[in-house]
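Okay, thanks for making time, everyone. Let me put the structure up and talk you through a few things in it.

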Amino acid sequence: MEKIVSLCKRRGFIFQSSEIYGGLASTWDYGPLGAELKRNLKEAWWRSNVFERDDVEGLDASILMHPSVWIASGHVSNFEDTLVECKSCNKRHKIESIGKDKKCPLCGGELTGAHQFNLMLKTNLGPVKSDLSVTYMRPETAQGIFVNFVNVVNSMRRKIPFGIAQIGKSFRNEVTTGNFTFRSREFEQMEIEFFVKPGTDEEWYHKWVDERFNWYTKFGIKKENLKKREHAKDELAHYAKACTDIEYNFPFGWSELEGIANRTDFDLKQHMKLSGQNLEYYDDETKERYVPYVIEPSGGIDRSILAFLVDSYREEKVKDQKRVSLAIHKALAPIKAAVLPLLRNRPEIVKLAKDITNDLKKSFKAMYDDTASIGRLYRRQDEIGTPYCITVDVDSLSDNKVTVRDRDTMIQDRIAVGMVKEFLAEKLK
Ligand code: ATP
């Protein structure tokens, strides 16, 4: 884990938020490469779930919602941790993390009695701060989907079964933090609410568990580092009929990457109750009217990024030298190709290398680098997971060919300058 955290900072993937002020606990900033990786991950998820399926629509709802939403969803009354506080060091702990001795796990001090702590971040809207102006930073993106269910059905003429997908920020005032970005107070979720006819919910639930498990392996996570863990009945959230977590074998242990829940008709019914609006679905063919059941695959962007980084980190010996590389899926790699001139004091070589870079930039994220020796430049690109390095040398000026080096096999191909773009487009598919 230390190696990943250090690589993330050193190479511009993830920085601590507000670092110059000593940081803000459990909030993180994505640096230049992290921002690219994050965009690529979201794109891959959106592509698989929205573009490539014909039964899912996209949505981008606002973070701030009517406060009644959170009463209906149960978050105001139920989204709580039970905490105890240490009388000596004043640190709060979740009751589950206290040992049999009932002492502070940090300093051994005496603990207070248990009290409830709501995880939602409250804020006030408008110029007057009062109980009436209170609202919350959303703790999940799901509710933005539920309240728009009828809007999407009507505007897109959707028939059940179909789903609504959304990616966006969520906020939780987490008590237990740590493990880098794994548990943050501000994070991003990728969620689908898939609306089905009651009675077909179990079949769809199992389909989505498999679908989501396979998505992670498709993008390169090793199967042996993933597992499905079905929740026991007493572990289920108040709204759920069933739930399976997809867990990843993080360096700190198996932990949840994504949860797939059968949320039944709980949310839509609750919103019907509190809003007074009819959110039933009318089936034209069977002339039935019903409140659909919902299967929810809910994953975290930040946890996924962490899993993809951990899973692709490699250390090996090449010619007696340590080689660190990120064997990350090409679709996710922040930079797809780096163009490196072998001699930076030869203007014709530099020009050709820059021309190639500019041409590649039209298709994907490519960069030019001449700030070190070639060995060092390769090492840098390996460490940030760039799948292809293109080297322009003296021979390139006469044979009009360049060397394309593959990150994982380190095999080098000599390719005509005019063919580089096509060659890479094929490889990056
Ligand atoms: P945990 O048990 O780890 O707190 P959870 O079961 O509360 O997670 P859900 O409410 O199911 O999480 O949220 C769905 C997904 O959102 C999680 O699988 C995770 O990937 C992501 N997520 C939830 N809370 C956080 C957080 N504090 N930081 C980063 N990602 C989070």
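Predicted model: local features only at pLDDT ≥ 70, side-chain atom pairs only at ≥ 80, totals over all residues.

The protein chain has 429 residues, and 50% of them count as buried. You'll find 13 helices and 23 strands in there. The C-alpha trace spans about 75 × 65 × 50 Å along its principal axes. If you take contacts between residues at least 6 apart in sequence, 64% of them join residues at least 24 apart.

Okay, the ligand. Which residues come nearest to it? There are 15 residues around the ligand, and the nearest are E174, R183, S184, E256 and L257. E256 also has a polar side-chain atom 2.6 Å from an oxygen atom of the ligand. Then there's R303, with a side-chain N or O atom 3.0 Å from a ligand oxygen, and Q189, where the corresponding distance is 3.2 Å. On its own the ligand has 590 Å² of accessible area, and the protein covers 80% of that.

Now the inside. In general, nonpolar side chains in soluble globular proteins tend to be buried together. Here the largest nonpolar core has 52 residues, and F13, W215, Y216 and F308 touch the most other members. Take F13: leaving aside residues up to four places away in sequence, F13 touches a whole list, including L7, C8, Y30, L33, L309, L326 and I384. Apart from that core there's another one, with 22 residues, among them V350, A353, V392 and I415.

Which of its residues are buried? They're I4, L7 and C8. Looking down the axis of α1, those buried residues fall within an arc of 100°, so they line one face of the helix.

After the helix comes G12, which has a positive phi, near 80°.

That's it from me, happy to go back to any part.

How values were computed:
Residues numbered from 1 in each chain as written. Heavy atoms only, no water. Buried < 20%, exposed > 50% of the residue type's maximum accessible area, 1.4 Å probe, protein only. Helix = DSSP H or I, 4+ residues; strand = E, 2+ residues; numbered from the N terminus. Arc of directions from axis to C-beta. Near = heavy atom within 4 Å. Polar contact = N/O pair within 3.5 Å; in protein donor to acceptor, adjacent residues only side chain to side chain. Areas by Shrake-Rupley, 256 points an atom, 1.4 Å probe, with all protein chains shown as cover. Contact = heavy atoms within 4.5 Å. Core = buried A, V, L, I, M, F, W, Y, C linked by side-chain atoms within 4.5 Å.
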